[in-house]
Each structure stands twice: as structure tokens, then as C-alpha cells.
Amino acid sequence: MTRQRQLVLTTVGISLFLKSLSPEEREEGGEKRLNRHANATELPPDLEAFLAELVARAEQTLTEGTVAAKRLVSAELNGLYGLYEDQLQRARNDVHVLVATDTVLGCRAAQTLEAFLRSQGITNVQMWVPEQLSSGDNRRFSHGIKELLRWCEETIPEYRADGYRIVFNLTGAFKSLQSYLNIAGMFYADEIVYIFESSKQLLRIPRLPIQVDIAPLQTYCTQLALLDAGAILPHGEVANLPEGLLDIDQHGDVTLSEWGRLIWNRVRHELLQKELLPFPNLVYEESFRRDFDRAAPEERVDLQRTLARVSVLLNEGGVVRLKQDGGLQYEDYQNRRSVDGRPIGHFRLTQGRRVSCVAEGERLRLRHFGAHDRVNDNP
């Protein structure tokens, strides 16, 4: 029977270099020094030279060593060998993503592992570095986690729809990253796998049937959609939301936290398909409301996510700001005007769908939305 293909996400730490240290180098503080620079984006010249030596040692172990030696030198490979029961060739039909921190050591470790996996005939492997992902600074770490969750939301559903099984191999990487991906894995992965320390026994955690209670979030659907689109809101506008969903700065302004983005990703489809939300700077004509009422649920979701983005951009800089956004591609129709003589414009939802509108100062009056040709013929 053909085995189900898998998307295997493997978090990468620096065990490859720590395990390549000699006993003398450990006694001389080599391990402490590597850990001290684990989050660095640049290394001093002498440490860069030392890292090159450690990479060479690791590559030699991966090229010439036994399976046991390879498992010992790399926590990430320990997890992969465990997942495939020491038969790494079975990984060749799967898709592999190596998630590295945005650091010198993290990237170098992932590059070394990627090259090894390719040498084993595992060609469908890529290293991915979420921007600013680093455990050395809370702000950078938060940004990096949000990038990672964005990737999960945009990428994993497509693989699942194509019949892939999703596996998070969290044997490697830093504990802070593991903690977040443990929870994210309950939403995105079919299975989370670990191997602790030098053990060879694989710990499997299956996906649990977690559901989010949307009732407390429904009242704040507009605000959550705006936050998802990049808005910064006063805390008073979302004061009754659970604080874990929000990042609050020293001025009392809020953005979505990592957990807020994760939860919103899970509930937005159900919330955004229901009713047309009252976004700031947008006015809806009855023709637009009728188009919304006729739309399929997925079309409503796509529309409202775009309207939230339009609302945020209007608040930042009016119609001029809309025209600067390459995704919306806002422009006016030639020789098309409203009853009161204003130019009729339009912006893009998807490649085949448009919204027609009229600019009135810093706000937009929305007229129609739907298929490209239908809107263009009757804007």
C-alpha cells in the first residue's frame, strides 16, 4: 500500500555545532561561547573561523559516520531518523522544511543539514528563515513567530488539501520556539514528534480536537479584522478581549500577539462570512450590500479581509495610499463618473474579482463587487 506523503517541518537549533566540540574545547568554554552567540547576526572573526572548523567536523560525521553517530551529532536528524525508523531513504517522497532562526549559527546549521539531506536523495527540502526569528530579543522573537504562523496559515492548508499528512519534528531548536510550536502544532499538524536528549525512542503527540470559543470574539470581529490587516488600535477599543491575544505598547496601543494571530486564523472564516462589517472610512451602497448577500461564504471572507486592508490604508494616507499599494491596484475608470460627477474607481480582490467605488474625501463609497467583467461593465 502506498504511504501517504508528508510535509515535515523540522525546527533547527545549534546541536550540530555543540556536539562537534572536542572535550578540550568544552572545558575551555567552547559550548558557553557558542550559546552566548546563538542569537547573533554577526560573529567576531575568530569565532567565524572556529565555526568553519565545526561545520567541517559536522560534515565529516554526516558523510562518514554511522547512523548512530549522525543521530548523536544532530538533534534534528535524531528526530528524522526516528520518524523514518532509521531508514532515511523513506523520506525521499516527502516535503521537508527546515525552520532556522534568523542568526548566523541557526542558518549555518540549517544549510549544513539541507546539504546532507540532499546528498541522501531527499531533494524536496528547503531551508526557511522567518524574518527576525531569534530568542535573544522579545520583540524580534514575537515578529519571527508571527511570520512563522503566517507561513503555516498560508502554506499548510494547501498541502493538506492535496492529501499530505503534516508532521512537526520539534526535536531540535530552542526551548522557546518549541513551546510556541507545541501549541501551533495542535492547530496545524497531524502529529508532533520529539526525541529527548540522546534517546532513540520517538515520542508522538497526535493532533487533538481543539475548538475555539468564538462567542467572546464575535463582538470584536471588526477590530480583529483591522488588527489582522495591520492596524494599531487604542486598547480601549478592545479592552474586553483576552489580553493574551494582544500586544500592548507603552502608549496603550495594541496589535495582535502571536496567540491572537493564531486564534484569529482559526476563527476568521466563520466570522467574516456572516455579515458585512462596518469598517472605518467605508460606506456601502445598497447595490454593494446586495452583491455581498449573493456572494458565497469564501468570497465574503476574501472581500472582508481586503476591506479591512483598504480601511487601514485609507486611515494612513487616504486614496493616495491606496494607489501606492501594489496588491490592490487601485485606479479610476476612464470616462466613468457617478451621478454627482465623481470619478468611479476600482480595486482588486483577486485576479478575477473587483470592487468599484467612489472616493469622497478620505473615505470610499463602495458600489459593486464581483467578477472582473461584471463589475467593469456596470461599475
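Reply: Asp-325 has its place in the loop between helix 14 and strand 11 (331-337). Helices (H or I, at least four residues) and strands (E, at least two) are DSSP runs, numbered from the N terminus. This is a predicted model, in which local features need pLDDT of at least 70 and side-chain atom pairs count only at pLDDT 80 or more, while totals for chains, interfaces and linings use all residues. Residues are numbered from 1 along each chain as its sequence is written, and side-chain values use heavy atoms, with hydrogens and water left out.

Is Asp-325 buried or exposed? Asp-325 has a relative accessible area of 15%, so it is buried (under 20%; exposed is over 50% and partly exposed lies in between, with a 1.4 Å probe and protein chains only). Leaving aside residues up to four places away in sequence, Asp-325 touches Arg-309 and Leu-313 (contact means heavy atoms within 4.5 Å).

In helix 11, eight of its eight residues are buried, and Thr-222, Gln-223 and Asp-228 are among them. Just after helix 11, Gly-230 takes a positive phi of about 105°.

Now for how two of these helices meet. Helix 11 (residues 221-228) packs against helix 12 (residues 258-272) at an angle of about 125°, and their axes are 11 Å apart. That makes helix 11 oblique to helix 12. Axes here are lines fitted to C-alpha atoms, for helices over the stretch in contact, and angles run from 0 to 180 degrees between N-to-C directions; under 35 degrees counts as roughly parallel, over 145 as roughly antiparallel, 65 to 115 as roughly perpendicular and the rest as oblique. From helix 11, residues including Leu-224, Ala-225 and Asp-228 take part in the meeting, and from helix 12 they include Arg-261, Trp-264 and Leu-271.

Strand 12 (residues 343-350) and strand 13 run antiparallel, joined by six bridges (strands pair if DSSP finds at least two bridges between them), with Ile-344 standing opposite Val-358. Two residues lie between strand 12 and strand 13 in their hairpin. Strand 13 and strand 14 (residues 363-371) are also antiparallel, over eight bridges, and there Ala-359 has Leu-364 as its bridge partner. Their hairpin again has two residues between the strands, and Gly-361 in the turn shows a positive phi of about 65°. Strand 13 (residues 353-360) is mostly covered, with six of its eight residues buried.

Six strands build it in the order 3-2-1-4-5-6, with mixed pairing. Strand 3 (125-128) and strand 6 (203-206) are its edges, each pairing on one side only. From one strand to the next, the twist averages 20°. Strand 5 (residues 191-194) runs antiparallel to strand 6, with four bridges joining them, and Val-193 stands opposite Arg-204. Helix 8 (residues 138-161) packs on this sheet, and its direction makes about 145° with that of strand 4 (165-169).
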